[in-house]
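Student: Please go through the terms used here, and set each value against its definition.

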Amino acid sequence: MSLPSPGAASARSTDTAAAAWEAWRARRIASVTAPTGNLALVETRWLPSGTTSAPDVEAEQRTAPPGVRVTSLERADILTGEPEFGLRFWDAESPAIRRFSHIETFDHDPRWILRATFTPVADDRRIPFEYIRDNGGSRGLIVPGDITLTLDGTDYTLAAFDDDGTLLLVFGDPTNGVGTYGSGRFLFVERDPGSTAVTLDFNRAFVPPCGFSAQYNCPLPPPQNRLHLPVLAGEKLPVFVDGHSVDGHPSGVSK
């Protein structure tokens, strides 16, 4: 593997980046263990096909077990494009939260903070992404531009889709399934205002929600987002105690 060196970065700037990364790690733990965090999702229930309106969340909440919060969600049918409505049930005392230990993570490495170029395209361009629970089907996601970079002599044009106004990169690398989450990892892309420059800080690559609960349906890395180098940065796997597993098989590490 050949990565660029940190160059002339001062020890102070490196320490600042590492401290910011530690704060990011703390926010991640707070996020996944929150009452409506990834570990709290215990059920996703889709309404029957043909339902034309959102569910009555208040009515569902009244009949929910104590400590369970109910929310609604919507998506497009993978075949027809028609809206589908569903409910999600969150338990702040879920088995996953009670048995969660930590997220195993690579050490911070400034070499994995990479600069790249973002080239905008038409706002309505969609690229197909397969999803982990769609049995090979794909959903078109808006990808508002191309991210280009050269890594270890290989040129890449990466597709990051728009996630509520932020670019989200779903990527794969040779560590998937042999140290990191098997279906790939996620990374938010930092854009410089008024510039085509973007930053890919792989130290902040994270396990997708489906690594914490089987009730999520996560996108998988498209072919152009599969890197040839092992990305030895960012989160590896969630760690649970007492043999807890996600989706009937260990998605994380048990201790």
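**Terms and cut-offs**

Student: Where does Gly67 lie?

Tutor: Gly67 lies in the loop between H2 and E2. Helices (H or I, at least four residues) and strands (E, at least two) are DSSP runs, numbered from the N terminus. The model is predicted: local features need pLDDT of at least 70, side-chain atom pairs count only at pLDDT 80 or more, and totals for chains, interfaces and linings use all residues. Residues are numbered from 1 along each chain as its sequence is written, and side-chain values use heavy atoms, with hydrogens and water left out.

Student: Why is Gly67 called exposed?

Tutor: Its relative accessibility is 58%. Exposed means over 50% relative accessible area, buried under 20%, and partly exposed in between (1.4 Å probe, protein chains only). Gly67 therefore counts as exposed.

Student: Which residues does Gly67 contact?

Tutor: Contact means heavy atoms within 4.5 Å. Leaving aside neighbours within four places in sequence, Gly67 meets that with Trp90, Asp91 and Ala92. For Trp90, 23 residues away in sequence, the C-alpha to C-alpha distance is 8.3 Å.

Student: Why is Ala116 called buried?

Tutor: Ala116, in strand E5 (residues 113-120), has 8% relative accessibility, so it counts as buried. Outside four places in sequence, its contacts are Ile147, Thr148, Leu149, Thr196, Ala197, Val198 and Leu200. Val68 is 48 residues from Ala116 along the chain, and their C-alpha atoms are separated by 43 Å.

Student: How many residues line the largest pocket, and which are closest to its centre?

Tutor: The largest pocket holds about 1400 Å³ of space. There are 44 lining residues, and the closest to the centre are Tyr131, Phe161, Asp163, Asn217 and Pro219. Elements giving two or more residues to the lining include helix H1 (11-32), strand E1 (41-46) and strand E9 (154-163).

Student: What makes a set of points a pocket and not a cavity?

Tutor: On a 1 Å grid over the protein atoms alone, a cavity is a set of points where a 1.4 Å probe fits but cannot get out; a pocket is an open set with protein on both sides within 12 Å along at least five of seven lines, and lining residues have an atom within 4 Å of a point. Points are joined across faces, edges and corners, and the volume is the space filled by probe spheres set on them.

Student: Where does Gly50 come in?

Tutor: Gly50 is among the residues nearest the centre of the second largest pocket, which has 14 lining residues and about 210 Å³ of space. Gly50 is in the loop between E1 and helix H2 (57-63), and is exposed because its relative accessible area is 63%. E3 gives the most to this lining, with 3 residues.

Student: How do you know that the chain is as compact as a globular protein of its length?

Tutor: The chain has 3 helices and 14 strands. Its radius of gyration is 19 Å, close to the 18 Å of the globule rule for 255 residues, so it is as compact as a globular protein of that length. The radius is taken over C-alpha atoms, and the rule is 2.2 Å times the number of residues to the power 0.38. Of the 255 residues, 42% count as buried.
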